[in-house]
Structure formats: structure tokens, C-alpha cells
Amino acid sequence: MADRNALVVDDLPTNRLLATTLLRKLGWDPKEADNGEAALVLAAQNNFSLVLLDISMPGISGEETCTRLREMQGDRPMCIIAYTAHAFPEERDRFLAFGFDNILVKPINRQRLEELIADL
């Protein structure tokens, strides 16, 4: 089985709680960050194979955080999923261009999360 360490990055505690609870039920070991800067610190200290990353946060944006995570990852596999309320088609293309692997629209549900991470 692959490394099941996950990082949930969202400035809203309720959103982090929902995502981490679902991930735990799916057998993952999630850590939390409330902003991009904290996410980058945690990513430097841990090998995350999954990152759920909010787009709209204070400080550095989700897009910038994604770019920096990609620069840090080296040859380690890391699936970065945009975790957002924004889901217009043009935004989806923009998120994928920033390096996100997929988009998970809030509010999330277990079935959609399972579908996105089934191959990890």
C-alpha cells in the first residue's frame, strides 16, 4: 500500500474537520494547515502523497501554494487536489494549469473524495 499521509489546507476549521474526518474513515493519516505558509512548512517535514488544497486563503493563494509544493516534491509522488467552492469550467482549466491533479468542489462528500483518490 502506498504512503497514506495527507495534508488538508483550508483557512476554515469546519472545512478541515470534514475533510480530515472523511480521510481518516478512508484509511488516511491527515494533518492540517490553515494557510499556504503552514502547508509548505509541513510539506518540508513530511512526505504527503495527497494534498487537499483550498484556493481562497489569506496569505499566499492555493495556486501559489500548489506551485511551491510541486517545486518541493522532487521525485516523490504527490496528488494535489484543489479543494474549492469555485468550479466553473474556465477555472478548472486554470487550476489544472497551475499543477493541480484534480478539483474537489465544496461541500465535499465521501463518494466524490473516494473516486478522486481511489488510485492513490
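View 1. At 57% relative accessibility, Pro89 counts as exposed (exposed means over 50% relative accessible area, buried under 20%, and partly exposed in between, with a 1.4 Å probe and protein chains only). This is a predicted model, in which local features need pLDDT of at least 70 and side-chain atom pairs count only at pLDDT 80 or more, while totals for chains, interfaces and linings use all residues. Residues are numbered from 1 along each chain as its sequence is written, and side-chain values use heavy atoms, with hydrogens and water left out. Pro89 belongs to helix α4, which covers residues 89–98 (helices, H or I with at least four residues, and strands, E with at least two, are DSSP runs numbered from the N terminus). Although Pro89 and Asp75 are 14 residues apart along the chain, 30 Å separates their C-alpha atoms.

**View 2. The open sheet of five strands.** The five strands are arranged in the order β2-β1-β3-β4-β5, and their pairing is parallel (two strands pair if DSSP finds at least two bridges between them). The edges are taken by β2 (29–33) and β5, each of which has a single partner strand, so one side of each is left without a neighbour in the sheet. On average, and with direction ignored, neighbouring strands of this sheet are turned by 25° against each other (axes are lines fitted to C-alpha atoms, for helices over the stretch in contact, and angles run from 0 to 180 degrees between N-to-C directions).

**View 3. Strand β1 and its two partners.** Five bridges link β1 to the parallel strand β2, and within this pairing Leu7 has Lys31 of β2 as its bridge partner. Towards β3, which also runs parallel to β1, there are four bridges, and here Val9 stands opposite Leu53. Four of the five residues of β1 are buried, which leaves this strand mostly covered. Together, β1, α1 and β2 make a β-α-β unit that is right-handed (with the strands pointing away from the viewer, the path from the first strand over the helix to the second runs clockwise).

**View 4. Strand β4, enclosed on both faces.** Six of the six residues of β4 are buried, so this strand is largely enclosed by the rest of the structure. Five bridges pair β4 with strand β3 (residues 50–54) in the parallel sense, and Leu50 stands opposite Cys79 in β4. The chain crosses from β3 through α3 to β4 in a right-handed β-α-β crossover. Strand β4 (residues 79–84) is also joined by four bridges to β5 (residues 102–105), with the two strands running parallel; Tyr83 stands opposite Leu104 in β5, and Thr84 has Val105 as its bridge partner. Another right-handed β-α-β unit is made by β4, helix α4 and β5.

View 5. The structure holds zero disulfides (a disulfide is a pair of cysteine sulfur atoms within 2.5 Å). Cys66 is in no disulfide, and the nearest cysteine sulfur, that of Cys79, is 10 Å away, which is too far for a bond. Cys66 counts as buried at 0% relative accessibility, and Cys79 is also buried, with a relative accessible area of 11%.

**View 6. Helices α3 and α4 packed against each other.** Helix α3 (residues 62–73) packs with α4 at an angle of about 30°, and their axes lie 9 Å apart. The two helices are therefore roughly parallel to each other (angles under 35 degrees count as roughly parallel, over 145 as roughly antiparallel, 65 to 115 as roughly perpendicular and the rest as oblique). From α3, the residues Glu63, Cys66 and Thr67 meet Arg94, Phe95 and Phe98 of α4 (contact means heavy atoms within 4.5 Å).

View 7. Helix α1 (residues 13–25) lies across β1 (5–9), β2, β3 and β4, and runs at about 165° to β2. Helix α5 (residues 110–117) packs on the sheet as well, where it touches β3, β4 and β5, and its direction makes about 170° with that of β5. In the loop between β5 and α5 lies Pro107, which a cis peptide bond, with omega of about -5°, joins to Lys106.
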